[in-house]
Amino acid sequence: MNLIGNIIWIIFGGLVIFFEYIIGGLILCLTVVGIPFGIQCFKFAIVGLAPFGVRISDTSSNTGCLSTIMNIIWLVFGGFWIVLTHLFFGLLLCITIVGIPFGRQHFKLMNLAFSPFGKSIS
């Protein structure tokens, strides 16, 4: 079922989301300061290409409050708009019964966009 969902996702916009996050990540990696944020965009690209069957979990790291600070910077300088975009498309897709699984994937991406630092993809 995950394979069918991912194929439908890729056909109807997943490939566009993938390339948008890859291009954004490459642009952010042009500066030294933007490299950690660019790496998070590459994390989004992986999930954005094939979100069905992917689990996002919190990682237990020894970074202290660094991931919290990076999440705040991320949210202020662009993450908020990504969250709103995935929220909008998630709600739009959940209007119909057929779109509910795809809306749930947008909500998964919204959760990742809200605080990408300190999360891992499995």
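This is a predicted model: local features need pLDDT of at least 70, side-chain atom pairs count only at pLDDT 80 or more; totals for chains, interfaces and linings use all residues.

Colleague: Nice. How are α2 and α3 oriented to each other, roughly parallel or roughly perpendicular?

Modeller: Two packed helices are described by the angle between their axes and the distance between the axes. Here the axes of α2 (residues 35–49) and α3 (residues 66–93) come within 11 Å and cross at roughly 75 degrees. An angle of 65 to 115 degrees counts as roughly perpendicular. The two helices are therefore roughly perpendicular.

Colleague: What pattern does the protein chain follow along the sequence?

Modeller: There are four helices and two strands in the protein chain. Reading along the sequence, their order is α-α-β-α-α-β.

Colleague: And what is the radius of gyration of the protein chain?

Modeller: Let's start with the box filled by the C-alpha atoms, roughly 40 × 30 × 25 Å along the principal axes. For 122 residues the globule rule gives 14 Å, and the chain comes close to that, so it is as compact as a globular protein of that length. Its radius of gyration is 14 Å.

Colleague: Last one: what share of the 122 residues is buried?

Modeller: Buried here means under 20% relative accessible area. With that cut-off, the buried share of the 122 residues is 34%.

Technical notes: Residues are numbered from 1 along each chain as its sequence is written. Side-chain values use heavy atoms; hydrogens and water are left out. Axes are lines fitted to C-alpha atoms, for helices over the stretch in contact, and angles run from 0 to 180 degrees between N-to-C directions. Angles under 35 degrees count as roughly parallel, over 145 as roughly antiparallel, 65 to 115 as roughly perpendicular and the rest as oblique. The radius of gyration is taken over C-alpha atoms; the globule rule is 2.2 Å times the number of residues to the power 0.38. Buried means under 20% relative accessible area, exposed over 50%, partly exposed in between (1.4 Å probe, protein chains only).
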